[in-house]
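Try each task before you read its solution.

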Protein chains: 2
Amino acid sequence: MAKTSEKIPYKIYLNESEMPKAWYNLRADMKHKPAPLLNPETMQPITLDELSAVFCRELAAQELDDTTPYIEIPSEVLDFYKMYRPAPLVRAYCLEEKLQTPAKIYYKFEGNNTSGSHKLNSAIAQAYYAKKQGLKGVTTETGAGQWGTALSMACAYLGLDCHVYMVKCSYEQKPFRREVMRTYGADVTPSPSETTAVGRKILAEHPGTSGSLGCAISEAVEAATSQEGYRYVLGSVLSQVMLHQSVIGLETKIAMDKYGIKPDVIIGCAGGGSNLGGLIAPFMGEKLRGEADYHFIAVEPASCPSLTRGRFAYDYCDTGKVCPLSKMYTLGSGFIPAANHSGGLRYHGMSSILSHLYDEGLMEARSVEQTRVFQAAQGFARVEGILPAPESSHAIRVAIDEALKCKETGEEKTILFGLTGTGYFDMVAYGKFNDGLMTDYIPSDEELATGFAGLDEIPVNK
Amino acid sequence: MAKTSEKIPYKIYLNESEMPKAWYNLRADMKHKPAPLLNPETMQPITLDELSAVFCRELAAQELDDTTPYIEIPSEVLDFYKMYRPAPLVRAYCLEEKLQTPAKIYYKFEGNNTSGSHKLNSAIAQAYYAKKQGLKGVTTETGAGQWGTALSMACAYLGLDCHVYMVKCSYEQKPFRREVMRTYGADVTPSPSETTAVGRKILAEHPGTSGSLGCAISEAVEAATSQEGYRYVLGSVLSQVMLHQSVIGLETKIAMDKYGIKPDVIIGCAGGGSNLGGLIAPFMGEKLRGEADYHFIAVEPASCPSLTRGRFAYDYCDTGKVCPLSKMYTLGSGFIPAANHSGGLRYHGMSSILSHLYDEGLMEARSVEQTRVFQAAQGFARVEGILPAPESSHAIRVAIDEALKCKETGEEKTILFGLTGTGYFDMVAYGKFNDGLMTDYIPSDEELATGFAGLDEIPVNK
């Protein structure tokens with residue numbers, strides 16, 4: 001049973017009046033800015049006008065803004081945040097007790113909303129700017145379904161159309177995710193589909209394909225740019241998304257400061273990087289400004305190791321090569337993780353901001369295999385109550401590893417990790433684990449070489 | 001968009017130090033006590049010793065105690081509560097705005113935990129007393145799966161065996177619920193099964209039956225009483241469960257008092273009655289003591305209308321007739337709701353305490369049809385963000401009906417309802433609704449007569 005003598009509560013909730021009023025733009029504090037996005041047609045830095053054909057103008061401006069440190073959160077977005085935020089900062093007393101570690105473990109829990117993850121933080125922001133611009137609706141892609149659900153919720157609240165291209169294998173395997181989106185009034189199309197030119201092209205080249213995020217992005221971009229009054233929105237990777245997700249780190253920092261807690265290690269799972277980037281933003285800002293030091297760890301699946309085994313190069317964000325190019329750690333836009341991979345975080349690339357920080361040695365990256373991830377997930381669920389998303393469980397795995405290291409060394413480190421969401425829609429993967437049927441897969445260098453070959457063909461990388 | 005000028009926050013969270021330290025036993029304030037439980041063999045009031053063969057001794061004592069007003073919450077249970085409580089009291093600003101009602105709407109949200117409902121409040125209490133008594137494990141039944149999940153979580157935390165008999169149709173239709181329980185280490189058996197004598201008997205009489213709660217209870221009781229070191233636990237109906245669930249109402253009352261809010265109408269869905277009973281307990285206590293008045297509304301499905309169309313009589317709690325008899329509003333232990341019924345709350349009887357209060361005219365009861373319930377659920381999800389459980393949505397339906405009445409009359413009533421849980425595992429039902437395939441069913445008087453006939457045969461009712 002848990003320790004009760006400590007003064008830190010199990011859960012620290014801020015008051016609504018203590019919630020952050022502005023997002024923090026980490027780029028403003030970076031001396032060396034991330035490389036600019038490139039126009040795929042000209043291979044030149046993309047302009048605001050060009051980007052505004054795909055994204056709402058205000059979001060395009062946020063995407064390109066690497067100098068303004070704070071951007072005010074619109075009051076309508078703040079009101080929406082109040083429906084599910086502030087998110088609790090949880091002291092993992094029961095996990096500490098179970099591990100018998102001298103480490104103090106905290107996690108910021110972003111799963112207390114129907115989308116089941118942190119994605120809603122950016123979804124409402126993006127939907128808000130679309131509404132403000134007078135648009136009819138937005139299009140997007142979704143893989144596991146968290147982002148699509150979040151966007152559906154935001155659009156239902158604001159009365160916007162929402163068209164989601166859902167990776168076909170996920171559409172078929174996760175009918176309940178689909179129904180949640182439909183309950184919020186979204187149209188959901190399995191991707192690749194016959195409804196777009198790029199979808200038809202992909203289907204012709206790869207008949208029977210079960211789709212990928214890269215394909216779904218291409219379809220969603222085409223659907224947005226070919227209809228009057230629509231724009232495309234994206235749930236990760238982009239700098240604007242990391243900006244909105246900074247609310248995670250800002251709230252965490254306010255809560256920690258309130259109780260005089262300073263984390264030594266900050267851990268987050270990394271797919272496209274928005275959750276990790278949002279969590280670490282204000283802490284990394286302090287580090288960049290020389291005010292404090294922290295040890296940051298990005299955790300990715302061994303089966304999709306963009307930071308630990310990828311290349312730092314310009315790459316397309318999508319399979320159809322219609323999106324701007326971003327300089328990032330990438331496995332190549334043609335990379336698709338092995339079929340046995342259950343744990344999300346399957347995007348081929350990584351936030352350009354995080355890629356840049358990693359390249360400068362400001363952050364560590366680790367890859368973990370999925371059976372160890374699910375072991376951590378199960379153990380965490382049993383003592384802390386929350387059934388974590390497989391994605392989030394990557395961070396749990398490394399937090400436990402770090403806490404066990406403290407047990408060996410006797411160090412009383414303070415560990416903070418991001419618990420991005422819940423696993424209620426991932427029970428097929430949990431079932432596989434419960435039945436002892438889960439396996440690991442690490443791509444060989446030869447397999448990775450195929451994706452890298454594509455990178456070499458991009459003119460700007462030559 | 002929502003009103004922002006009000007002083008009441010969107011969500012009122014108590015501090016951990018403000019959480020209730022004792023459960024409230026409403027029976028202590030009832031002048032006329034509910035009729036005693038009867039031993040099914042002797043038809044005489046059951047004794048503590050007899051009841052202790054089925055339940056842990058301390059829980060049996062709580063079951064029979066109708067005089068002690070407050071029972072201390074053990075510190076271990078309080079620690080567990082801190083992992084997911086206090087639950088927020090939410091001001092439904094967005095719903096009010098959408099309905100354009102002068103009413104003020106509040107809901108107590110109990111869904112922020114992995115079991116997805118309030119059930120965990122009693123699960124941890126029951127598991128704790130089992131552990132304290134030195135038992136190896138507990139057995140139970142589950143229908144929709146919320147209770148089984150909650151008990152699995154509590155047992156995993158305390159290191160107790162947990163054996164769940166899951167109604168067969170639910171076991172087959174909700175494999176994900178099953179996997180959550182297995183992730184928490186529980187054994188889950190579809191009921192009726194060949195593993196118990198009563199299960200074999202039911203299977204012989206009704207080959208191919210898809211089971212019922214009443215059958216699953218009989219199997220779980222047999223499994224508990226035929227093994228050394230095991231006891232049976234139940235998630236609703238019993239007075240001990242309502243005692244533990246009083247934490248819902250107590251927290252609500254503390255939060256409301258803190259902001260000077262007094263509800264006029266208090267609404268809860270009613271299956272076995274534990275959530276409604278827990279929510280209203282301290283308010284009903286005030287009413288019984290003549291200190292305040294409130295209008296209480298129990299909401300049940302039109303397809304399983306135990307309060308609105310049932311009889312107030314002694315009845316068995318289970319199909320196998322091995323449990324004590326309880327005097328309650330009931331449709332007869334043989335009653336099974338129509339196959340098209342999606343919304344939970346399918347138990348044939350009702351808490352003896354609530355039945356008694358209803359019989360004395362201290363509470364109103366309404367039945368609602370499921371398509372109207374899902375309309376309310378969808379509308380609520382779209383403006384308040386939370387995807388509600390079908391069970392909880394019965395309360396939402398009537399809260400909206402009451403708020404719309406206020407819109408007509410101009411009354412500025414304060415409406416409080418219990419939002420017992422989330423609907424993440426109910427997407428088959430939502431899908432049916434989304435596809436326009438949901439239908440309603442109201443049993444005819446002739447259909448109800450079959451269940452009532454069984455009641456007439458019980459000696460004590462003659």
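The radius of gyration used below is taken over C-alpha atoms, and the globule rule is 2.2 Å times the number of residues to the power 0.38. This is a predicted model, in which local features need pLDDT of at least 70, side-chain atom pairs count only at pLDDT 80 or more, and totals for chains, interfaces and linings use all residues. Residues are numbered from 1 along each chain as its sequence is written, chains are lettered from A in the order in which they are written, and side-chain values use heavy atoms, leaving out hydrogens and water.

**Exercise 1.** Work out whether the radius of gyration of chain A agrees or disagrees with that of a compact globule.

*Solution.* Start with the rule: for 462 residues it gives a value near 23 Å. Chain A has 21 Å, which agrees. Next, look at the extents: the C-alpha trace spans about 60 × 50 × 45 Å along its principal axes. Then check burial (under 20% relative accessible area, 1.4 Å probe, protein chains only): 67% of the 462 residues of chain A count as buried. Finally, take contacts (heavy atoms within 4.5 Å): among those in chain A with a separation of 6 or more, 76% come from residues 24 or more positions apart.

**Exercise 2.** Describe how helix α14 of chain A is covered, and what lies at its two ends.

*Solution.* Helices here are DSSP runs of H or I with at least four residues, and strands are runs of E with at least two, numbered from the N terminus. First, count: α14(A) covers residues 352–359, and six of its eight residues are buried. They include Ile353(A), Leu354(A) and Leu357(A), along with His356(A). Second, find their partners: these buried residues pack against helices α11 and α12 and strands β12 and β13 of chain A. Third, inspect the ends. At the start, a side-chain oxygen of Ser351(A) comes within 3.2 Å of the backbone nitrogen of Ile353(A). After the helix comes Gly361(A), with a positive phi near 80 degrees.

**Exercise 3.** Which strands form the edges of the open seven-stranded sheet in chain B?

*Solution.* Strands pair if DSSP finds at least two bridges between them. Write down the order: β1-β4-β5-β15-β10-β11-β14, with mixed pairing. The edges are β1(B) (11–12) and β14(B) (364–368), each pairing on one side only. Now zoom in on β1(B): two bridges join this strand to β4(B), and the two run antiparallel. Ile12(B) has Leu89(B) of β4(B) as its bridge partner.

Conventions
Buried < 20%, exposed > 50% of the residue type's maximum accessible area, 1.4 Å probe, protein only. Polar contact = N/O pair within 3.5 Å; in protein donor to acceptor, adjacent residues only side chain to side chain.
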